[in-house]
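Keep the model open as you read.

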Amino acid sequence: MAQVEKRGGLLRKSSASKKPLKEKVVLMYDEIFMTEDPSKCSPRFWEELFLMKVNLEYLEGKLESLDGEELMKIKDNINCLFQHCIQALGEEHPIRVVNALQTLCALIRGVHQKNKSTSGFDIINMLMGFDKAELCMKNLMESLDSLLCAEGSESLKSLCLKLLLCLVTVTDNISQNTILEYVMINSIFEAILQILSHPPSRREHGYDAVVLLALLVNYRKYESVNPYIVKLSIVDDEATLNGMGLVIAQALSEYNRQYKDKEEEHQSGFFSALTNMVGSMFIADAHEKISVQTNEAILLALYEAVHLNRNFITVLAQSHPEMGLVMTPVSPAPTTPVTPLGTTPPSSDVISSVELPLDADVQTSNLLITFLKYSSIVMQDTKDEHRLHSGKLCLIILTCIAEDQYANAFLHDDNMNFRVNLHRMPMRHRKKAADKNLPCRPLVCAVLDLMVEFIVTHMMKEFPMDLYIRCIQVVHKLLCYQKKCRVRLHYTWRELWSALINLLKFLMSNETVLLAKHNIFTLALMIVNLFNMFITYGDTFLPTPSSYDELYYEIIRMHQSFDNLYSMVLRLSTNAGQWKEAASKVTHALVNIRAIINHFNPKIESYAAVNHISQLSEEQVLEVVRANYDTLTLKLQDGLDQYERYSEQHKEAAFFKELVRSISTNVRRNLAFHTLSQEVLLKEFSTIS
């Protein structure tokens, strides 16, 4: 018997038969694409159609091949197919339901593709008809809600979520997707929460549910009242919030694991041998080749939860006994390449993967630690535009955390100490820190370490000014909390001071290049005011009196940098140029730093002369400082402990619109044909009763 091959809905014998044979389902699709009602000649047409295995590729391709005018001619049949799909969702036989869900996916995607042309027909009218749209969508959303909340098949629930993701992401700009108005009116918010609060459902569908929620929250969020925003902001059920946190933590943890695996593979490979032979000049180049797909969709979900829901802040610090048990969606991640702002769910081996212990003692982890580790990886390389956006979102999330009173309480809690192994960029002038030497400290120390690491490693030609400003703002907000609550944090403040002074030196040495693109005085003023915070209020939050002495020592030791900065801003503030006002603000802010330098430097020089010492040790300088505090006069500067709170709508709307557009594009691409395959589903429903 001749072998039978199947291609694009055609059956043909490999021995040269004259005419290819079509599958029955394809013949039925062809009838739908005629202008006549297919059920006229065959009363059981619709009943039989949903017993046939869907040929997604053929159906979607057929819709895309027609022009707008041709499609309008068969509008009644398309409307009829859409309505019968919705009716089939209420059937008892799961195979009918599966086929109806997949047919809806193909219909929605195929018709939306046509909307990109200039044909100008209305999508809602094309799919449902204006007169029936409201009732159709009400029935559709109620059916999906029932299927998601039912005790039944997990595969059906997965397909329902795929259909919803298809519906939401069918346009790049989700706010232009008019069908979503019906998704706002007929909310499935409670169904999403039920999935997240129920461990078995969460393990199967948590990822898709969280991404779906993040996208729905962003539908016309600045133009109208979005019910998903309102509902998410008031969720207080602990199981639901923890479930959401677990899904996010698992996805970020999987990224961290993949990165660590690639890093180890990289270090043991060719570049490692090459580096050992010729020295460390190739370290940075070798490192840049380590690239793992970032996951902005899950990061957006974390942002929305932190930004909108005060109760979610508690989830950040909770340990994760289930870490490693949160399963990915049933459907595998696509093997086809996706664009850099990816939304690919964690790979299928996450089911058995566990959050890597942070040290040999296998201490517990939590969502915040996992997020900080993720941030330390994605913030290393901001040369790529997509990673720049990812790093920006990480800093925005940290900004929201740094402003929250409760978050600060657990960040600074002495009873919650962790070893947080942040990734550090390989640099020629420093050795890689040994992970096992990390001390146990409050979580705020890891946040400050991350900010210091960013400051030190991004002084480059393509200067990420926006990220630097956000980074300094995070530090400032943490200091404001410490000052307000008199928290004496045992932290190596010298590392921060040194990083800030080096940043000032970089701004000055690259003044001409940077001023062509940026207002460097905004950043310089923020850095100077951080020093002013330490000078004015340091006695209330620095851990010991000697820490305050060390601050003065660093300012005096690096006085040349501050002198140079003063000369630069004085020069620009006395000229009638565009930077006059911005530079003069820095001039005024430097008053106390200059007072310290001008007060102590003569005393130190006098001490050296009297004692015939050419170069004083640190201890000798500190001795002079301690002996001369009483005669130092400083000016009280107002507003050092005040800051403008984060506001998304007024300042970040453009960024989030572009981010959501990228995420929507990639979610749609990840819903490829094979992710909607029936193989898994049909195993579950192998018999028709």
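Begin with Asp261 and Arg257, whose side chains form a salt bridge with N and O 2.9 Å apart. A salt bridge here is a side-chain nitrogen of Lys or Arg within 4 Å of a carboxyl oxygen of Asp or Glu. Both residues sit in helix H14, four residues apart, about one turn of the helix. Helices (H or I, at least four residues) and strands (E, at least two) are DSSP runs, numbered from the N terminus. Asp261 is partly exposed at 34% relative accessible area, while Arg257 is buried at 15%. Buried means under 20% relative accessible area, exposed over 50%, and partly exposed in between (1.4 Å probe, protein chains only).

This is a predicted model, so local features need pLDDT of at least 70 and side-chain atom pairs count only at pLDDT 80 or more, whereas totals for chains, interfaces and linings use all residues. Residues are numbered from 1 along each chain as its sequence is written, and side-chain values use heavy atoms, with hydrogens and water left out.

Lys392 pairs with Asp466, with the closest N and O atoms 3.7 Å apart. Lys392 is in helix H20 (residues 385–403) and Asp466 in helix H23 (residues 465–485), 74 residues apart. Lys392 is buried at 15%; Asp466 is partly exposed at 35%. Glu511 and Arg571 also form a salt bridge, 3.0 Å from N to O. Glu511 belongs to helix H25 (residues 511–515) and Arg571 to helix H28, so this pair ties together parts 60 residues apart in sequence. Arg44, Glu47, Glu91 and Arg96 are joined in a salt-bridge network. The whole structure has 35 salt bridges.

Now turn to helix packing. In helix H11 (residues 189–197), the buried residues include Phe189, Ile192 and Leu196. The buried residues of H11 pack against several helices, among them H8 (130–149), H12 (199–217) and H14 (238–267). Contact means heavy atoms within 4.5 Å. In helix H29 (residues 580–589), Ala582, Val586 and Thr587 are among the buried residues. Their cover includes helices H26 (520–541), H28 (559–574) and H30 (591–610).

Finally, take the chain as a whole. The protein chain has 34 helices and five strands. Of its 689 residues, 56% are buried. Its mean pLDDT (the predictor's confidence in each residue, from 0 to 100) is 84, and 82% of residues reach 70 or more. Residues 277–289 stay under 50. Residues 347–362 are also below 50. Where pLDDT is low, the predicted coordinates should not be read in detail.
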